[in-house]
Structures are given as structure tokens and as C-alpha cells.
Amino acid sequence: METNDSVNQPMPFESNARPSLVGLTREELQSVVPAGLNPKLRSKQLAWHLYRRAEQSIANMGDLPQALRDELDRTCRLSPLHVADHRKSTDGVDKLLVHNGDQQVYECVLLPYEDRVSCCISSQVGCPMGCTFCATGLGGFDRNLTPGEIVGQYLLLQSLTDRRISHVVFMGMGEPLLNFDSVVKTLTLLHDEVGLSYRHLTISTVGLVPQIRKLGELELPIHLALSLHSPFNEVRDRLMPVNHKWPVEEVVDEMRRYAKKTGRKVTFEYLLIDEVNDTPEQARALIPLIRNMPCVVNLIPFNWVDTGNGFKRPTSDRVRTFRGILENAGVNVTQRVERGHDIAAACGQLAGMHKGKFSKRTGRLSESAIPLSPA
Ligand code: SAH
Ligand code: SF4
């Protein structure tokens, strides 16, 4: 593991931060260009530098007049993100811990594969959903991220590699559907300005039924993944407090509706915790539950975090048995390829390690943070 010390220094808190260009649509960018400097043309050039080239400095936007670059430098900043920590794993994964000048850290990860480059980004600082196996959930909730802070993670990661990042998954910190409007604006920017296919953008949700419905109504072919983790309400209740509000049958039905509405295959993520939700009985009960919809089950062996519940990762034999039951019934199954073990690349882990140093997080699961009706 390498740690980049030059970016480890905390930045001073910026109380009167200038507005950030990253996060603005092309139309919104027109409003930052003075009327005499051709806003229509310049906003198009700006969008190209920001989103297509992932440019990290206004000074390098050579085709913009010097007067405009000076004006932008004075009135705006390019991106809201500061890097607090940058780690590179031995298997090619880069993990950044970023903040917005206020030391509330969130994380994003670059995942290069042979055939494509993907990245994993955060939608909130912390998470209020309180899942009992999750480092982010155990750390509590600070705030929603802005579109600039979310798309800024993609652009920062893109600036680290010469290969194009073609896939984005919202599986970092936070529950994306709790920050609906900012996440949807980010999806639009990634599609319209960065040029990514909606099919390559994956939202992973804990299972907020009204928000899944609302996402489906946009009729965008966004890939949706539900963190299911058990077909039994009594087990899911124990793992995910949200299940008291929207139980298994209800949320799976909503996924079926989403698949129908968008014409997209959906994913059921299934975290495997030893002797908790990895029993053959639960594998068998999963089969009829997800029948009659185009879907895949993605198995994720538990990444150890100290939950205080004694949760353990299952043996590979137990994982194989669980997988075999599903496959024998004709269910499509994949298993998460784990990367970046040596840099704690799993959800919430690196930020969790920095908690003492950076985070002011105090919250626990707060009922008021869970919307009870469509926002
Ligand atoms: N809030 C969203 C997205 C972020 S979590 C959600 O819950 O779906 C992304 C994925 O990581 C989820 O499937 C979550 O259940 C899983 N996850 C959380 N903690 C984990 C752990 N300790 N080991 C393995 N996967 C974990
Ligand atoms: Fe939040 Fe997802 Fe972690 Fe649950 S698993 S606490 S929803 S980030």
C-alpha cells in the first residue's frame, strides 16, 4: 500500500466558499460567464473541459480567453473537492478520501478491470439507515452531498487515469435514494455532459419503496440494485431497520415493477454473513421470491467490520453451497470480485478509520431521516 502524503494535509475550513463550476449544467454555466464574453459558446467549452476532459484547473483551459479565466478564478472554483487521503492498492485500485473544506470526509474508489474501468462513489456523508453490518451505517449520518460533490468524485477519479471510466456505481457511502434530486441531477450530468450510457450507471438502494417508484417513473434505463440480504423478514429486520417500514415482499414487488417499467434487468445484492443469512433454507426461499422478473443475484461475502454483533464472513464452502442452490434452480448468480483489500476499499471502511481524525459524525439511525412518503 502507498499513501500519498502530499495530499494528506487537512485543508482549512472555507466558510465563504466560492460556487463550484463542477455540478452545473451547461445552461447553468452560461450564468457564470459575463454577458460580454459570449456565454453560449463559452459555457459549451467550459462543459467540455469540466466533464469530457475532467480538467482540474481553470488555468489549463487554454481556449478560453485569459479575461474569462481570470474572472472565473476570482468568482468561482472549479470543484468543491479536497483530497484528504489517496491510497493505491497492490491490485490497481485507487481509493480517495475527499472533503469539501469542512473535514466531513466521504470516499470514492477507482476500479480498473481488463475490459472496462468502473468507479464507486458516495451520495451522502455517512448514512442514517443504520444497517447493522455496515461501517458507514455504524458511523451515523452527517449530510447529503451536492451534485457537484457527487459528480466531482467521478471527475477526480477520471483525472487519475488515461483510460475512460465507463461505469459508475453508487455503492460508496450513503443511501442514494435519500438524496434523490442531487443523485438524479448527477445521473443527468454523467449522461448528457460526460457522455456515459444510463445503462452503465448503477444505483444501489437499501429499499425505499416510494423512491424506487419515483426513479422508475423517470423512465431512464438506469441499472437498479436492491440490497436484499435475506428473503426472511425476521432476518432482514435484524440486519436492516428499513425492513420494518418496507418489508421483503413489498420491496421485491417494487423491483419487479421497476424492471417492467424500464425494461432493465435488476440486481439483488446478497451479503453473506456466516450462519445469519447464508443458510440453505434462505437460498431456497429466495428462488420463488424473485421469480418472473429479469434479474441477477450478486453474492457479497461479508467484509469484516467490527459491528459488535459477532458477524463473520462465511467459509467458501458455505458460499459455494448457497450459490449452488440458486444456480440449480436456474437463477443468474454473480459473485463480487473483491478488490483493494489492503486499502480497506469496502463501503465506509476508510472513512471509518479516519473518524477520529476528521469526522464530526454523531448521529445514529434517525426515523426522521427516512422519508415515509414520496418526496
Ligand atoms: N446504501 C446503499 C448503497 C451503499 S452500500 C445500499 O445499502 O445498497 C453498497 C453495498 O455494500 C450494499 O449492498 C451494502 O449492503 C454492502 N455492504 C455494506 N457493508 C458491507 C460489508 N461490511 N461487507 C460487504 N458488503 C457490505
Ligand atoms: Fe447506509 Fe447502505 Fe450502509 Fe445500509 S448498507 S447503512 S443503507 S450505506
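Q: Leaving aside its neighbours within four places in sequence, which residues is phenylalanine 268 in contact with?
A: This is a predicted model. In it, phenylalanine 268 is in contact with Leu226, Leu228, Val252, Met255, Ile290, Met293, Cys295, Val296, Val297 and Asn298, with neighbours within four places in sequence left aside.

Q: And which residues touch the most other members of the largest nonpolar core?
A: Phe133 and Phe268 do, in a core of 103 residues.

Q: Which helix gives the most to this core?
A: Helix 6, residues 180-194, with 7 residues.

Q: Where does this core lie relative to domain 1 and domain 2?
A: Between them, because domain 1 (20-75) and domain 2 (82-369) both give residues to it.

Q: What lies apart from it?
A: Another core, of 5 residues. Val93, Val109, Leu111 and Val169 are among them.

Q: Switching to the ligand. How many residues surround ligand 1, and which are the closest?
A: The count is 19 residues, and the closest are Gly174, Ser204, Ser227, His229 and Asn303.

Q: Which strands each supply at least two residues of that shell?
A: Strand 9 (201-205) and strand 11 (266-272).

Q: What does a nitrogen atom of ligand 1 have at 2.9 Å?
A: A polar backbone atom of glycine 174. Glutamate 175 also has a polar side-chain atom 3.2 Å from a nitrogen atom of the ligand.

Q: What about an oxygen atom of ligand 1, and serine 227?
A: A polar side-chain atom of serine 227 lies 2.6 Å from an oxygen atom of ligand 1.

Q: How much of ligand 1 does the protein bury?
A: 95% of the 530 Å² that the ligand exposes when taken alone.

Q: Back to histidine 229. Where is its place?
A: In the loop between strand 10 (223-227) and helix 8 (233-239).

Q: Is histidine 229 buried or exposed?
A: Histidine 229 counts as buried, because its relative accessibility is 4% and the cut-off for buried is under 20%.

Q: What is phi of histidine 229?
A: Near 70°, a positive value in a residue other than glycine. Most residues other than glycine have a negative phi.

Q: Phi of asparagine 292: positive or negative?
A: Positive, near 65°, and asparagine 292 is again a residue other than glycine. Asparagine 292 is placed in the loop between helix 10 (280-289) and strand 12 (295-301).

Q: Is asparagine 292 buried or exposed?
A: Exposed, with a relative accessible area of 69%.

Q: Next, threonine 307. Where does it lie?
A: In the loop between strand 12 and helix 11 (316-328). At 11% relative accessibility, threonine 307 counts as buried.

Q: What does threonine 307 touch, not counting residues up to four places away in sequence?
A: Thr132, Phe133, Leu138 and Phe302.

Q: Which backbone nitrogen lies 3.0 Å from a polar atom of the side chain of threonine 307?
A: The one of asparagine 309.

Q: Moving to serine 123. Where is it, in terms of strands?
A: Serine 123 is in the loop between strand 5 (117-120) and strand 6 (124-126). Serine 123 is buried, with a relative accessible area of 1%.

Q: Which residues is serine 123 in contact with, leaving aside its neighbours within four places in sequence?
A: Asn144, Leu145, Ile150, Phe170, Met173, Gly174, Glu175, Pro176, Asn179 and Val183. The C-alpha atoms of serine 123 and phenylalanine 170 are separated by 7.0 Å, and the two residues are 47 residues apart along the chain.

Q: And threonine 146: where is its place?
A: In the loop between strand 7 (141-144) and helix 5 (147-158). Threonine 146 is partly exposed, with a relative accessible area of 38%. Its C-alpha atom is separated by 9.5 Å from that of proline 80, 66 residues apart along the chain.

Q: Last topic, the whole protein. How many helices and strands?
A: There are 12 helices and 13 strands. Buried residues make up 58% of the 375 residues.

Note on methods:
Residues numbered from 1 in each chain as written. Chains lettered and ligands numbered in written order. Predicted model: local features only at pLDDT ≥ 70, side-chain atom pairs only at ≥ 80, totals over all residues. Heavy atoms only, no water. Core = buried A, V, L, I, M, F, W, Y, C linked by side-chain atoms within 4.5 Å. Buried < 20%, exposed > 50% of the residue type's maximum accessible area, 1.4 Å probe, protein only. Helix = DSSP H or I, 4+ residues; strand = E, 2+ residues; numbered from the N terminus. Domains from an automatic or database assignment. Contact = heavy atoms within 4.5 Å. Near = heavy atom within 4 Å. Polar contact = N/O pair within 3.5 Å; in protein donor to acceptor, adjacent residues only side chain to side chain. Areas by Shrake-Rupley, 256 points an atom, 1.4 Å probe, with all protein chains shown as cover.
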